[in-house]
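Me: Please take a close look at a single part of the model shown here. Then set it in its surroundings, in one connected answer.

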Amino acid sequence: MNPADTDDRSMTLQQRMQQHLERLSADHETPITVEGRLTRMVGLTLEAVGFQASIGSRCEIYSPGREPVEAEVVGFHDETLYLMPTGNMRGLVPNARVRPIRSDSQVPVGEALLGRIVDGAGKPLDGRGPLKVKDKVPLHGKIVNPLSRAPVRQHLDVGVRAINALMTVGRGQRMGLFAGSGVGKSVLLGMMTRFTEADVIVVGLIGERGREVKEFIEEILGEEGLKRAVVVASPADHSPLMRLHGAMLATSIAEYFRDQGKQVLLLMDSLTRFAQAQREIALAVGEPPATKGYPPSVFSLLPQLVERAGNGEVGGGAITAIYTVLTEGDDQQDPIADAARAILDGHIVLSRQLAEAGHYPAIDVEASISRVMPQVVDAKHLQLAQQFKQMYATYRQNQDLITIGAYQAGSDRHIDEAINRFPALSAMLKQGMDVAHDWNSSVQALQKLSFGQMSQPSQLTGQLMAAEQRNF
């Protein structure tokens with residue numbers, strides 16, 4: 001008989017327990033991980049019991065014969081945790097092992113991100129190897145004291161004449177691009193991507209068609225544009241959690257470069273898909289729907305994302321953000337569109353009627369506004385823009401009467417002037433997708449309209465229309 005076995009049997013239970021405790025305390029660097037098991041799966045929601053984890057922490061689910069599935073804790077009820085997978089759930093079995101893993105909600109950032117394309121988890125999609133970055137920032141950002149932000153006082157040249165002249169964008173502004181499907185939203189976004197003056201461009205393609213990701217990068221952004229850009233792509237076939245994280249990651253990257261003192265242009269397509277991803281998650285864990293199927297958490301999450309953009313501290317960098325908002329059925333009272341208008345600093349509305357008439361970009365001047373324009377342009381520019389909108393609106397409001405010949409010339413001098421000048425107004429709003437109009441040329445075009453002076457309107461119309469013909 002082995003003497004060691006005799007010694008072990010002779011030890012009391014208390015002594016053996018003490019011996020095991022000493023071994024555990026000596027190996028304090030390797031903490032014990034309590035695993036649980038998978039008990040239920042309904043739709044996109046997984047339920048697990050047997051362990052504790054905080055909201056937002058990550059877990060790995062192990063099933064025989066397949067790679068572990070990563071999931072995030074999105075809710076709990078009593079002893080049950082609700083998990084949302086970040087990838088494909090196929091192959092999961094009942095009572096599969098669920099193991100919590102360490103996650104600090106930090107994302108890697110750095111200069112090496114420029115020119116790269118990553119997914120919602122920050123993993124490269126471009127096949128150019130791993131990211132060589134060392135810095136990390138919080139995925140969900142940090143709350144900025146509103147009193148420490150620099151005010152918006154400087155205009156931003158976006159290269160689009162109608163926007164520069166009539167709804168001027170300021171550095172650090174959050175602007176919404178509202179449009180239905182198929183009215184030129186992505187093309188206008190691409191124009192602003194190529195023509196805007198910015199040190200860094202961060203593009204978030206959230207919930208869009210996978211085909212559009214490559215097209216946007218190769219045809220709209222281009223090789224030169226990609227050199228100063230970071231693209232975060234989380235298309236429609238990714239899980240709602242990854243789409244949510246894609247928008248958060250794009251904003252975190254923009255915040256990093258802003259804190260380096262750089263001027264950042266953040267383009268997110270689209271804010272609606274971000275809201276829909278949160279709706280899928282919230283409904284899956286049992287949150288009741290409120291407005292047209294959207295749970296309350298959607299409307300609390302939108303400002304948390306949008307408020308992260310904007311100016312940094314005085315003397316620092318800025319994030320100028322453009323968020324596209326998909327108005328389903330061209331309904332401007334859509335819940336997400338209505339909520340976005342309330343939290344953004346202005347909105348550009350695209351008109352299907354103009355798009356169908358071949359008027360591009362199809363900007364509805366009457367419905368669009370920049371709330372910071374009075375702070376970033378002089379009084380003369382602001383007055384000219386208001387006069388342009390008034391005259392343009394006068395024509396549009398009486399267009400039906402004018403078209404059918406029911407309006408008699410001389411009945412109203414304002415309508416007469418609007419009819420006389422409308423070709424020039426319309427020509428100024430048109431622009432070829434490959435043609436850039438800088439800030440100075442945009443302001444000069446507005447000044448040449450010479451509102452209040454009826455001299456030579458036909459000559460001006462001919463000049464603008466000839467220029468547009470050359471552009472197209």
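Reply: A polar contact is a pair of N or O atoms within 3.5 Å; within protein, one must be able to donate a hydrogen and the other to accept it, and residues adjacent in sequence count only if both atoms are side-chain atoms. This is a predicted model, in which local features need pLDDT of at least 70 and side-chain atom pairs count only at pLDDT 80 or more, while totals for chains, interfaces and linings use all residues. Residues are numbered from 1 along each chain as its sequence is written, and side-chain values use heavy atoms, with hydrogens and water left out.

Arg 243 sits in helix H6, residues 240–259 (helices are DSSP runs of H or I, at least four residues, and strands are runs of E, at least two, numbered from the N terminus). Its relative accessibility is 9%, so Arg 243 counts as buried (under 20% relative accessible area with a 1.4 Å probe, protein chains only; exposed is over 50%, partly exposed in between). Leaving aside residues up to four places away in sequence, Arg 243 touches Ile 206, Gly 207, Ser 234, Pro 235, Ala 236, His 238, Ala 277 and Glu 280 (contact means heavy atoms within 4.5 Å).

Helix H4 (residues 185–195) is another buried element: eight of its eleven residues are buried, so the rest of the structure largely encloses it. Those buried in H4 are Lys 185, Leu 188, Leu 189, Gly 190, Met 191, Met 192, Thr 193 and Phe 195. Their cover includes helices H3 (161–166) and H5 (210–227), together with strands S12 (174–179), S13 (200–206), S15 (263–269) and S17 (318–326).

On the scale of the chain, there are three domains: domain 1 (36–100), domain 2 (106–377) and domain 3 (382–449), with bounds from an automatic or database domain assignment. Nine residues of domain 1 are in contact with nine residues of domain 2. The two domains bury about 770 Å² between them, 71% of it on carbon and sulfur atoms (the accessible area, 1.4 Å probe, that two parts lose on being put together, summed over both). On the domain 1 side, Leu 44, Met 84 and Thr 86 lose the most area to domain 2, together 47% of what that side buries. Four residue pairs are in polar contact across this interface, both residues at pLDDT 80 or more. Strands S4 (69–77) and S5 (80–85) each supply at least two residues of the side of domain 1 that touches domain 2, and the largest share, three residues, comes from S5.
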